[in-house]
Amino acid sequence: MKTHAQAVVIGGGLVGCSILYHLAKLGWTDVVLLERDELTSGSTWHAAANIHGLHDNNNITRIQHYTMNLYKELEKETGQGCGVFQSGSLYLAQSEDREHQLRLQEAKARFYSLNFHEISREQAMELHPLAQFDDIRCIMFEPDGGNVDPSGVTHAYAAGARAMGASIERFCPVLGTEQQLDGSWIVRTAKGDIHTQWVVNAGGLWGREVAALAGIELPLQPTEHQYFVTEAIDEVAALGRRLPSIADRDGEYYFRQEGNGLLIGAYEKDMRFWAENGTPLDFAHDLFPDDLDRIMENVIRATDRVPVAATAGVKRVINGPMIWSPDSNAIWGPVPELQNYFCCTGIIPGFSQSGGLGLLSAQWMIEGEPQYDMFAWDLARFGDWADKAFTKARVQDVYTHRFAIHFPNEERSAGRPARLRPAYQMQKEMGCVFGLNCGWEHPLWFADQPGVVETNGFTRQNWWEPVGREVQMLRDIVGVIDISNFANYVIKGPGAHDWLDRLVANRVPTEVGRSCLTPLISVRGGVAGDFTITKVADDEYMMIGSGMAERYHQRFFNMVDLPEGTRFEVATNRIAGFNVAGPKSRDVLQRLTNADLSNEGFRFMRSRQIDVAGVSCLAIRVSFTGDLGWELHCAESDQVALYSALLEAAKEQGGGPVGGRALGSLRIEKGYGSWGREYSQEYWPQEVGLDGLIKLDKDFLHKQAYLAIKNNPVREVLSMFEIEVDTADASGGEPIFTPDGHSVGRVTSGGFGYSVGKSLALGFANPQVAKPGDRVEVFILGKPHRATILAEPPFDPAGYRLRGVSKPAIEPAE
């Protein structure tokens, strides 16, 4: 067995073998996979192994399409059959909402040149003459949908990897993983130790146990899952061809041909957890006792769809384990707190995603970053707040709602609250409706009374009008926004300026009381993040960034060594904040402080430590609303006192609390981008308007990567769209076309601009296809809606309100 390797992959299931294959494919051939039993042990061997291309997340759609195309290439390359059956998949809509979802996916498929289109009931009957579609209002067909052989695919990856020089050790359980001082690892096994640069946890059902060897807790929980295969059915055999699969997600079952019988599976409400305290080490090719009664309601609906299944005998029942994350997406990526430890586990639709997971994992390890923004999978989206109780509650929710529609802006209540600020109870009594942001309960909007639950759907919901009132109140008078969900970092010490200046692309302030906005550059030259950095004292800075990216950004912070005597602190837990914004914001604050808040005394992008109602605050004159305003950051213990004083003073002016939904509308009206939507590693600074904040007369993280793409022609440009729509608004992901059908781009953020009376969206447009002033079509509710690309934001494009001036005497940008 090898004693040294570039990477050691732990786990010989589908995903582990794919990662090994792709590492070798990208040039790392000195790699080894360790499997405690046989390849496919655990959950791979008994999977239904269905494949499909479309997903609500655009980038996941792209990698699923890559995976589906890879299997036949693997067969040619390795000679190992993958058992690929692509007889197509029928997607059914019984409800109007499901129809909206399918039509939107059809538009996305068109945008990405995928084969997914609507067919008539008659066409569906020709494809599947044993099914009835009388109650169906919309049918989509994916010709490339189907299934593969679990064992064949896994062994094809393994064969391909071996042919390129990779090694596989079966019956070789891992006993320990120990990090060395230089960041490398010793992997201890019963057959000997391996010294490796990278450890890859692809442990599947044992992902938690493998992680624990390195001192990591992963938010994962296995469940039971059942499907069964019928005896041969004469009507199926008589067709002489393979039937398409049926995805009736409103009916909560899936259906496909297996031999001359049918395979029926379900995600039932009466679900069962398994191995809550750890997956047994002696579990391999094992199953649980049959328990078909639990899925019988789903099965009855399935047999109503295909009546010949009702009288068929049951040939085989598969009741096996699956391991889930709290949102049913992969737990994927390097662990930010460790060097060179990669996770890839918790995957549910593995046979649709295995190729993409392997490719992007190999890219991240070898090239430093994957080609796509895959934060939806990134393990950094969870922190230690995602404990066992939270994970179990969320897994129960995602399992029992596996086929439910995930509506735009939807917030699910399972497992909450996880993290609370002191003001939570006060806000709750005020009628606050909360959302989840990096574990925090964060105000979304304020109802007229406590206990209101928001509705969900593709059209405008019960929060639409209250949010509009909040927006108009702030624009006309003043609003108080809780911004405690932002990430806060404190950097102290003699090297604080040097460290920050080497990290970010803009010049870091050298004068106390100055602030700057700055991008963080990614490994490939894209936008890894955007921050506000303020010098608060000699040798002390405060940096504010995206709350949900707090753990993600830790990877970049770790790339720049801290100077001796300098301390970096993630201070989010101890700092709370509010944004007081609107034309009366100065009047409100001036009632509570003796500080000079005039334009001359407190300029835009300046900061000062001031007392507000007796509470010591770092005040920064900046506002994500695009209006006159200040951010106030205080100790979390002072949050309630400060909030109470601000609300009382705002009330005297006719203002009040404003939530995150309104802030989203306000920023879109102003054209402000947001990390994870408009800003990500995929987009170059010149494409999102941040290149002006990059200073090339200094060194910064990944400067050479930026220089390599700096003069490239833009592929897409961040743009604003005004949309003609009455009952719904864009939310993100909607494709955009020209009136004659050419692809323009896609929406990244959308909503109603209440203070300008327009439905608006931010998104990317190909400048070779469309430019400001052009008419385009945005697909909302899966249907084209006329839109115009705007040349400038509709609200205060010159920034007079933000700077508190009423004439063109604008201060130069800092």
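Colleague: Hi! Which strand pairs with strand S28 (residues 607-612), and in what sense?

Modeller: Strand S29 (residues 615-620) does, in the antiparallel sense over six bridges. Pairing needs at least two DSSP bridges between the strands, and strands are DSSP runs of E with at least two residues, helices runs of H or I with at least four, numbered from the N terminus. This is a predicted model, where local features need pLDDT of at least 70, side-chain atom pairs count only at pLDDT 80 or more, and totals for chains, interfaces and linings use all residues. Residues are numbered from 1 along each chain as its sequence is written, and side-chain values use heavy atoms, leaving out hydrogens and water.

Colleague: What does Ser607 stand opposite?

Modeller: Ile620 in S29. The two strands form a hairpin with two residues between them, and Ala613 in the turn has a positive phi of about 55°.

Colleague: New topic: is His46 buried or exposed?

Modeller: Buried, because its relative accessibility is 6% (buried is under 20%, exposed over 50%, partly exposed in between, with a 1.4 Å probe and protein chains only).

Colleague: Where does His46 lie, and what does it touch?

Modeller: His46 is in the loop between strand S2 (31-34) and strand S3 (50-51). Leaving out residues up to four places away in sequence, His46 touches Tyr227, Leu287, Ile318, Gly320 and Pro321, where contact means heavy atoms within 4.5 Å. The His46 side chain also reaches the backbone oxygen of Pro321 at 3.4 Å.

Conventions. A polar contact is a pair of N or O atoms within 3.5 Å; within protein, one must be able to donate a hydrogen and the other to accept it, and residues adjacent in sequence count only if both atoms are side-chain atoms.
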